[in-house]
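Keep the 3D view open while you read.

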Amino acid sequence: MKREANLLLNKACDSLMLSIEFFNRPYDLGRATSTLILLDHAFEMLLKAGIIHRNGKIHERRVNETIGFDTCVRRALSDGAIKFISEEQALTLKGINSLRDAAQHHLLDISENQLYIHIQAGVTLFRDLLKSVFGWDLCALLPSRVLPISTSAPLDLTALFDSEATEIKKLLQPGSRKKLQAQARLRPLVILDASIKGEKVQPSTGKLQRLGVELISGKDWQELFPGVASLQITTEGTGPSLSLRFTKREGVPIHVVPDGTPGAAVVAIKRVNELGYYCLSISQLAEQVQLTRPKALAIVWHIGLETDSEYFQLIKIGKATFKRYSQKAVNRIKEELSKISVDEIWRVYCLR
C-alpha cells in the first residue's frame with residue numbers, strides 16, 4: 001500500500017475509535033456533535049485513502065488543499081477507474097456528513113434512536129469498505145470491546161419516525177414556547193430526506209416553520225418526508241455482531257445532474273464511465289488472475305460473475321456488443337481460487 005494511503009487509513013481508524021468512544025460515554029456533554037464530527041472525519045480520511053490506493057488523486061492542480069468530502073464521495077462513486085462505493089453507501093455517507101454540518105455550524109437536536117441508527121450504519125459501512133478496498137479486518141484493528149455500540153437496535157423505522165413526529169408536535173403546542181427546539185428536532189429529518197433525494201440542504205428557518213405548521217395541522221410525516229419514508233434498514237446478526245445498512249425502497253426520484261451542480265448531492269450522479277469501470281476484456285481478466293482464457297471463462301461461469309453488475313456488463317458501442325469485466329472481478333476470482341482448485345472448476349465446466 002502507498003505510504004500516504006496507509007497514513008490516512010490509520011488516521012481514519014483513530015477517528016472512528018474516538019467517535020465510538022464519544023457515543024458510548026455515560027454523559028451527554030457535547031456527545032452527539034463530537035460523535036458526528038469524528039465519524040465524518042473518519043470517513044473523509046478513509047475515502048481519501050481509498051482513492052489514493054486505487055491510483056486516484058486527492059489534490060487538484062494549483063490548489064493547496066486536498067479535495068473535500070463531497071468530491072471524495074463523488075470520485076469513489078462515479079469515477080470508473082476508482083469506484084468502490086455504491087449509491088446506497090453514498091446515501092449513508094451523505095447523511096452523516098450533512099448531520100455533522102448542521103451539528104457543527106448551527107443547531108441539531110437528534111434523538112437517541114436516530115443517532116444510534118446513523119452511527120451503527122456508519123460503523124458497518126466503515127467495516128465493509130475497510131475489508132473490500134484494503135482487505136483489513138476492523139476487529140483486528142480496534143479492541144473488540146468498543147465495537148458493540150448497542151446490543152439492541154430500533155429496527156422498525158416507521159415506528160421511530162412516528163415517535164419523532166409526535167415529539168415535534170408536542171414541542172409545537174400553543175403556549176409551549178419551544179419552537180426553536182422543534183426546529184432543531186425537525187432539522188435532521190429534513191437533512192436526511194434531502195440526502196436521499198439527491199439534494200444537499202441545510203434547511204432555512206422558514207422551511208422548518210412551514211413543516212412544523214403542516215405537522216400540527218395533521219399532515220402525515222410520510223407525506224412531508226417521502227425520502228425518509230422510503231428508507232429501510234437491513235440487519236445481520238444481533239448484539240455485538242450486529243451489522244446495519246441503509247437501503248432504499250423503489251419510487252424515490254433521483255435526478256441525474258452534471259458534476260458540480262450547486263445544491264446537488266453526490267448520490268444524484270447515477271451514471272459512471274462504464275468503459276472506465278468495466279475496463280477488462282476476458283483476455284485481460286485472464287491475464288490478471290494468471291489463468292488461460294478458457295479457464296478464466298470456467299471460473300466466471302462457476303462463480304456466476306456475469307449475473308452481477310458489480311463484476312460484469314454488456315457494453316454497446318454502435319451496433320456491436322462487448323463483454324466487459326470490472327476490476328472487482330479480479331478480486332472476486334482470486335478470492336474463489338483461494339477456496340477451490342481451478343482444475344476442479346475446469347473439470348466440472350467441461351462436463352456441463
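## Arginines over rings

Start with Arg31, whose charged end sits over the ring of Phe23, 4.6 Å from its centre. For a charge to count as over a ring, NZ of Lys or CZ of Arg has to be within 6 Å of the ring centre and within 35 degrees of the ring normal. Arg25 does this too: its charged end sits over the ring of Phe22, 4.0 Å from the centre.

A word on where this comes from: the model is predicted, so local features need pLDDT of at least 70 and side-chain atom pairs count only at pLDDT 80 or more, while totals for chains, interfaces and linings use all residues. Residues are numbered from 1 along each chain as its sequence is written, and side-chain values use heavy atoms, with hydrogens and water left out.

## More on Arg31, and another arginine

Arg31 belongs to helix H2 (residues 31–53); helices (H or I, at least four residues) and strands (E, at least two) are DSSP runs, numbered from the N terminus. Arg31 is buried at 8% relative accessibility. Buried here means under 20% relative accessible area, exposed means over 50%, and partly exposed is in between (1.4 Å probe, protein chains only). Leaving aside residues up to four places away in sequence, Arg31 touches Phe22, Phe23, Arg25, Glu112 and Leu115, where a contact means heavy atoms within 4.5 Å.

Arg324, in strand E4 (residues 320–325), is also a buried arginine, with a relative accessible area of 19%. A polar atom of its side chain lies 2.9 Å from the backbone oxygen of Cys279.

## Helix H7 and its buried face

Which residues of H7 are buried? They are Leu157, Leu160, Phe161, Glu164, Ala165, Ile168 and Leu171. Looking down the axis of H7, you find these buried residues within an arc of 135 degrees, so they line one face of the helix. That arc is taken from the directions from the helix axis to the C-beta atoms.

The length works out as well: the 15 residues of H7 (residues 157–171) should span 21 Å at 1.5 Å a residue, and the end C-alpha atoms are 21 Å apart, which agrees. The expected span is 1.5 Å times one less than the number of residues.

## Aromatic pairs

The structure holds six aromatic pairs. Among them, Phe161 and Trp221 make a tilted pair, 5.5 Å centre to centre with 50 degrees between the planes. Phe161 is in H7 and Trp221 in helix H10 (residues 221–224), so this pair ties together parts 60 residues apart in sequence. Phe161 is buried at 5% relative accessibility, and Trp221 is buried at 6%. As for the cut-offs, rings of Phe, Tyr and Trp (its six-membered ring) pair if their centres lie within 6.5 Å; planes under 30 degrees apart are stacked, over 60 edge-to-face, and the rest tilted.

Trp301 and Tyr349 form a tilted pair at 5.4 Å centre to centre, with 55 degrees between the planes. Since Trp301 lies in helix H14 (residues 293–303) and Tyr349 in helix H16 (residues 342–351), the pair ties together parts that are 48 residues apart in sequence. Trp301 is partly exposed at 37% relative accessibility, whereas Tyr349 is buried at 17%. With Trp346, Trp301 and Tyr349 form one aromatic cluster.

## Positive phi in two loops

Asn55 has a phi near 70 degrees, a positive value in a residue other than glycine. Asn55 lies in the loop between H2 and helix H3 (69–78) and is exposed, with a relative accessible area of 61%.

Gln290, in the loop between helix H13 (282–288) and H14, has a phi near 60 degrees, again positive in a residue other than glycine. Gln290 is exposed at 74% relative accessibility.

Conventions
A polar contact is a pair of N or O atoms within 3.5 Å; within protein, one must be able to donate a hydrogen and the other to accept it, and residues adjacent in sequence count only if both atoms are side-chain atoms.
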